[in-house]
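Welcome! Please take a moment with the sequence and the 3D view below, and then let us walk through a few places together.

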Amino acid sequence: MFRGAVQLSLDAKGRLSVPAKHRDALTEGGQGEVVLTAHPHRCLILYPKAAWEPIETKLTSLSSFNPQTSGIQRMIVGQADVMHLDSAGRLLVNAVLRKFAKLDKDVMMVGQGSHFEVWDLAAWDQQLESLMAADQLQIPQELEGFSL
């Protein structure tokens, strides 16, 4: 399970240093490979390759004749980048994905259980502000009756 949020910096070459405590779990079961791709919320998602494969299989099994489905396939599967962490535990985020998520220097890496989201720090702050705005904080139906 990937939990927590950590603020990180992309280096001048666009590399992201994965926190040491998550490196082994991210590369486990995938011969050291991870998958980084675009998410419709304008962030990136980082999966261990073994956890990504069933998602990719499901997405690619859907009909490409549906314009909405094929658009999602293009965004998520089409931009998926399989990569290895380097010897220092860094990932090179390609220029296309950096542009998509508007990643500059300061980023947030946010655990989501099976994967991480990677956000531009300003976009992450904006997400939190929007969520907490009184007129936006609505509990989805599937969470009714859920308690923390």
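Where is the place of L148? L148 sits in the segment after α5 (121–132); helices (H or I, at least four residues) and strands (E, at least two) are DSSP runs, numbered from the N terminus. Before going on, note that this is a predicted model, in which local features need pLDDT of at least 70, side-chain atom pairs count only at pLDDT 80 or more, and totals for chains, interfaces and linings use all residues. Residues are numbered from 1 along each chain as its sequence is written, and side-chain values use heavy atoms, leaving out hydrogens and water.

L148 counts as exposed because its relative accessible area is 97%; exposed means over 50%, buried under 20%, and partly exposed in between (1.4 Å probe, protein chains only).

Now turn to T37, which belongs to strand β3 (residues 33–39). T37 is buried because its relative accessibility is 0%. A polar atom of the T37 side chain lies 2.4 Å from the backbone oxygen of I76. T37 also touches several residues, including C43, W52, M75 and L97, when residues up to four places away in sequence are not counted; contact means heavy atoms within 4.5 Å.

Our last stop is W119, in strand β8 (residues 116–120). With a relative accessibility of 3%, W119 counts as buried. Leaving aside residues up to four places away in sequence, W119 touches H41, C43 and W124, among others. W119 and M75 are 44 residues apart in sequence, and their C-alpha atoms are 16 Å apart in space.

Methods:
Polar contact = N/O pair within 3.5 Å; in protein donor to acceptor, adjacent residues only side chain to side chain.
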